[in-house]
Structures are given as structure tokens and as C-alpha cells.
Amino acid sequence: MTEATMADQQAVKLDDSWKAVLAPEFESPYMAGLKAFLQEEKAAGKVIFPKGSEYFRALDLTPFDKVRVVILGQDPYHGEGQAHGLCFSVRPGVRPPPSLVNIYKELKTDLGIDPPRHGFLEHWARQGVLLLNSVLTVERGLAASHQGRGWEKFTDAVIRAVNNLPYPVVFILWGSYAQKKAAFVDRERHLVLKSAHPSPLSAHSGFLGSRPFSKTNDFLVSKGFAPIDWSLPANPVA
């Protein structure tokens, strides 16, 4: 199977740098099984988010050799019109979900950046912030419905590839799920920032006050890289 067939006849967009790195994954039996599962779900009339052309949106917007930061999520949002391939991000015009509201609160506390009225994070992704979910698809209205179907193995390969880059990267791991998934990251070479998840259920247990944005930029500057501009455009265009 190739990346060109993954989206079930929808145009896949994936930066060439990732195609080369992930070629063995796209040709693997587990990805063939994942493709078959998605096709069967669609044939049964189920609605899958995000749309097929955006399965790999995070990788398309952040080329492999431009990754500076990894923020690791779990599953796409399962509400209508929310998911578009970047973890924690929603399309313009969609109300920011509670976890993202808390991320914005921390951004204000950490760097003094006022929260925008939207939840569209592509500006971060285009600067080298890989906004990667562990699972890249979900059935409408059913959270975590595509876990255990193969995506986790694929995104493990993505994290391994970033871990093997010849320069240091910042891994921002919110919550136990992300921390377990990226436990193999080389902490001698990379900066790993761990805290509670920004969900309202846990944000007050170590996320708020963790200052991940300033810590990320301090590290990047110390290694000779430009800092991330964490502010977001007031009027984003999808």
C-alpha cells in the first residue's frame, strides 16, 4: 500500500520529506489493514473525521527536516467540523474546545499572549511545531473509536524518526498517554517537557503554571534556532 491510496480516492497531501522517511510504514501489512478498515467503515455509511485529504495534515504542514517541536495529542475531535488533522486545533469558526481554552490560558500566563477568538493552530505548524495525534482518524460522535487499528504504530514511527534527527527537538507531552507513548525519546539529546493534560479534569493538577512555551523558546534559542511565534493571527484562513 502507498500513501496515495490511504485517503480512499481523496487527494492525499503529504510533504515529500515524510514520504521518504515513512515509506516502509506505507508499504507495511498493518497499514494495508488500516486502509481496509477505513474503507469498510465508509462503505457502511459511517462518517470519518478528518476528511481523507487531511489525515496527514500535520506532516504536510511541518516537513520532517523542519520539525523543531512536537506536541502530542491522542485522537482527533469527533464533533462535526472540528478535526482537520492537527492535534488540539479546530477549524476557523469553531469554538475552541475546553483543553485548547486552557492551553490559551497558559499561553497568556507564560508569555502574555492574549487568546485569539479561534482555535486554528496552523500558524504553529508552519513554524516547525508538529501537532501530532497518536490516532489520525475517528468516527463522528464516537471518541477513540479508531484506537488499536494501526495508527498508533504509524505515529510511533513518526516519533522515532524525529527522535533520530541530528539536531535537538522539544517534545511537549501533556498527560500520561503522551508521556507513555514517547517514553523512548532520548532525553540526553532532546528537551522533554512533561505535565498534566490541559483538559479541565486535570489542568489544575500541573498543567497550568508549567510554562511550556517559554521553556521551549529558551531551549531553541540556546541551540541556535529561532524561537516559535506562539501568537496566532486574529483572522486565520483555512
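The exercises below work through a predicted model, each with a task and a stepwise solution.

Residues are numbered from 1 along each chain as its sequence is written, and side-chain values use heavy atoms, with hydrogens and water left out. Because the model is predicted, local features need pLDDT of at least 70 and side-chain atom pairs count only at pLDDT 80 or more, while totals for chains, interfaces and linings use all residues.

**Exercise 1. Find which residues have pLDDT under 50, and state the average for the protein.**

Solution. Begin with the term: pLDDT is the predictor's confidence in each residue, from 0 to 100. The protein averages 94, and 95% of the residues score at least 70. Then turn to residues 1-10, where pLDDT stays under 50; for this stretch the model has 32 contacts (heavy atoms within 4.5 Å) beyond four places in sequence.

**Exercise 2. Work out the order of the strands in the open sheet, and why one side of E3 and of E6 has no neighbour.**

Solution. Strands (E, at least two residues) and helices (H or I, at least four) are DSSP runs, numbered from the N terminus, and two strands pair if DSSP finds at least two bridges between them. The 4 strands of the open sheet follow the order E3-E2-E5-E6, with parallel pairing. Strand E3 (129-133) and strand E6 (191-195) stand at the edges and have a single partner strand each, so one side of each is left without a neighbour in the sheet. On average, neighbouring strands of this sheet are turned by 20° against each other, direction ignored; axes are lines fitted to C-alpha atoms, for helices over the stretch in contact, and angles run from 0 to 180 degrees between N-to-C directions.

Helix H9 (residues 212-222) lies across E2, E5 and E6, running at about 165° to E5.

**Exercise 3. Locate the cis peptide bond, and the positive phi in a residue other than glycine.**

Solution. The cis bond runs from Phe49 to Pro50, with omega near -10°, and Pro50 is found in the loop between strand E1 (48-49) and helix H4 (57-61). The positive phi belongs to Phe88, at a value near 70°, and Phe88 lies in the loop between E2 and H5.
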